[in-house]
Amino acid sequence: MPTIEVDGKNFEVDEDGYLQDWQEWNENVAKKMSQDDGIELTESHWEVIKFLRDYFEKYQIAPMIKILTKEIGKVMGPEKGNTKYLYELYPAGPAKQACRYAGLPKPTGCV
Amino acid sequence: MAKTPKPDELSKINYTPPQSSWIDTPTELKEGYWCYGAKPKNLEILHFPNPREWRVQDEDWKLPENWQEIILEGMKERLDKYRSFKVFMDICVRCGACADKCHFFIGSGDPKNMPVLRAELLRSVYRGNFTAAGKILGKIAGARPLTLAVLKEWWYYFFQCTECRRCSVFCPYGIDTAEITMMGRELLNLLGLNTDWISGPAANCYMKGNHLGLEPHTIVGNLSYMLDDIETATGIKIEPTFNRKGAEILFVTPSGDLFADPGTYTCMGYLMLFHELGLDYTWSTYASEGGNFGFFTSNELAKRLNSKIYAEAKRLGVKWILGGECGHMWRVLNQYMDTWNGPADFLEVPKSPITGTVFENTKTTKMVHIAEFTADLIKNGKLKLDPKRNDNLKVTFHDSCNTSRGMGLFEEPRYIINNVCNNFYEMDELTIREKTFCCGSGSGLNAGENMEIRMRGGLPRANAVKDVVDKYGVNMVANICAIDRAVLTASLDYWVPGTKVTGVHELVANALIMKGEKERTTDLRGEPLPGMEGNE
């Protein structure tokens, strides 16, 4: 199984680089993943990551995009509660890229 | 993950077959064509054999030592059990009528994607082991031994068939290639060879009731956000019920509708329609999946996953079951469910409480497709509709493989669309109804890592869409399938950018005039309605 090394510790990831165990995650994992993509995480990025992890803990799945945009809008202001804003932060898509940095698995099925 | 070539590159398709005969042409497992292998945790949940870590690109697939014996035993068992399998192994005359009907062949030019040759991959092993001629004459009789290379070739091509059955429409013998692929996949599963994109959702469904793994509070939560949006658009507050005993109707839909755009808008459409009718119905958080990724694995698993629909109907004491917009769900419900898990003699023959229509066609399954239900409402004048609200749309309809070839549902969705939209245009007649082209990624092939073959398989459908885009300015492709909604969004974005995708009940809900609604200024996506631009 592939791994990524963060602070001298190996974390198991799947073929697309998603963490195998979301509970092993720490902030440096997100930093390492984003650095590899050439992205610097700002406060705005962290808001999304924090929301994703809180949500996952309650629901065992990433939020649907409608929930993510609305909740980010509540925290960051209504002008930011839309997919355009999220794509600016995460160009490869909030569902994929932000979930990966947040240590969550990717959703599967009719999606 | 393999990088997907750009459309202009991908559309240069080489149809010249290799010089050597197919049997002597080795198969290379190209990245971008296959999905990741099934993870051990998912196979364990499903009690499937040989759970282990393995990688498709590795030489060693970590198979049990006696794997050939397992496959041949499995083949023998299925030849005895399924008459159709035996017949389909024997009767093909290799006329080639199916060859150019497959979207994967059209999009890839790979001769092993001709349905006849894909089936031959299995038939050659059948002949070598189960027919006298093949045993004696070997290669001359079209037989070959079961080697590791053959097994890998099966894996590669049986997960490059979407079980869409378009080829079967053109076969003079009526050979059902989907059933051949299904048998191929069943055999592969005896060795723990599934894709994770299929075994993951199947395991979720077995554990939590649906492919996505939505738990009860997640389902309720997701719907509540949709209900908020409905209230914003219409001013109407809707309060659906969950797991309610004594409801008249149980409603079951694919879980994609509860999670992924644009399916969520279709789901909002169901909620609005049922509310407007005052329908005595309930959602279930147990039977929370209409689709069936078990069907892409084995008949046994499909039956297991399907069983919860009748079980829940019985537990809740409903009279009949209404089903949402899904494709393969309806092949299972229409052609397998009542013999697998029936008879559903605890249910009544479905009767619309609004129109009094008895759905005689569902006498054995007791389950009605929502397109039939809604078409009947419109036919009987029970809905107030304002099709002008969809005037910004030029709509075409993509028939899903399974609702068309699996149940003959052609007229109802068109009748609905024509009543809720003013601008409807058909695609070329060779690409619709029973001859419809697959979206390109059905039967569990809608993963991310096989994007190249997905886009190749999606080309014929996208090409027919492009034709109506060029001729009539079509900007919306309607369909009645959750996989379509996910898959066409990606393939049209690739081949015909700017064309959007919708479920039929999203269009219905936009046009639906509801009692007590405020003046509607936006559609369900929050976009201004025609004439309301700058008004929202």
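Tutor: Start with one definition: two strands pair if DSSP finds at least two bridges between them. Keep in mind that this is a predicted model.

Student: How many bridges join strand 3 of chain B to strand 4 of chain B?
Tutor: Strand 4 covers residues 367–369 of chain B. Strand 3 and strand 4 of chain B run parallel. B:Gly323 stands opposite B:His369 in strand 4 of chain B. The number of bridges that join the two strands is three.

Student: Over how many bridges does strand 1 of chain B pair with strand 3 of chain B?
Tutor: Strand 1 of chain B is made of residues 249–252. B:Ile249 stands opposite B:Trp320 in strand 3 of chain B. Strands 1 and 3 of chain B pair in the parallel sense, and the number of bridges is four.

Student: In strand 3 of chain B, which residues point the other way from B:Trp320 and B:Leu322?
Tutor: Strand 3 of chain B is made of residues 320–323. B:Trp320 and B:Leu322 point one way, and all the residues on both sides are buried. Pointing the other way are B:Ile321 and B:Gly323.

Student: What radius of gyration does the globule rule give for the 536 residues of chain B?
Tutor: Chain B has 22 helices and seven strands. Its radius of gyration is 23 Å, close to the value from the rule, so chain B is as compact as a globular protein of that length. The rule gives 24 Å.

Student: Which helix gives the largest share of the side of domain 1 of chain B that touches domain 2 of chain B?
Tutor: The contact takes 25 residues from domain 1 of chain B and 30 residues from domain 2 of chain B. Helix 2, helix 5, helix 9 and helix 10 of chain B each give two or more residues to the domain 1 side. The largest share is five residues, and it comes from helix 5 of chain B.

Student: Is B:Ala462 buried or exposed?
Tutor: B:Ala462 sits in helix 20 of chain B. Beyond its sequence neighbours up to four places away, B:Ala462 touches B:Ser491, B:Leu492, B:Trp495 and B:Val496. The C-alpha atoms of B:Ala462 and B:Trp495 are separated by 6.3 Å, though the residues are 33 apart along the chain. With 27 other C-beta atoms within 10 Å, B:Ala462 is buried.

Student: Which helix supplies the largest share of the side of chain B that touches chain A?
Tutor: The contact takes 28 residues from chain B and 16 residues from chain A. Helix 11, helix 12 and helix 21 of chain B each supply at least two residues. The largest share is four residues, from helix 12 of chain B.

Student: Is B:His47 buried or exposed?
Tutor: B:His47 is found in the loop between helix 2 and helix 3 of chain B. Its phi is near 60°, a positive value in a residue other than glycine. With 10 other C-beta atoms within 10 Å, B:His47 is exposed.

Student: What is omega for the cis peptide bond that joins B:Asp261 and B:Pro262?
Tutor: Most peptide bonds are trans. B:Pro262 is found in the loop between strand 1 and helix 13 of chain B. The bond from B:Asp261 to B:Pro262 is cis, with omega about 5°.

Definitions and conventions
Residues numbered from 1 in each chain as written. Chains lettered and ligands numbered in written order. Predicted model: local features only at pLDDT ≥ 70, side-chain atom pairs only at ≥ 80, totals over all residues. Buried ≥ 20, exposed ≤ 12 C-beta atoms within 10 Å, placed from the backbone. Contact = placed C-beta atoms within 7 Å. Rg over C-alpha atoms; globule rule 2.2 N^0.38 Å.
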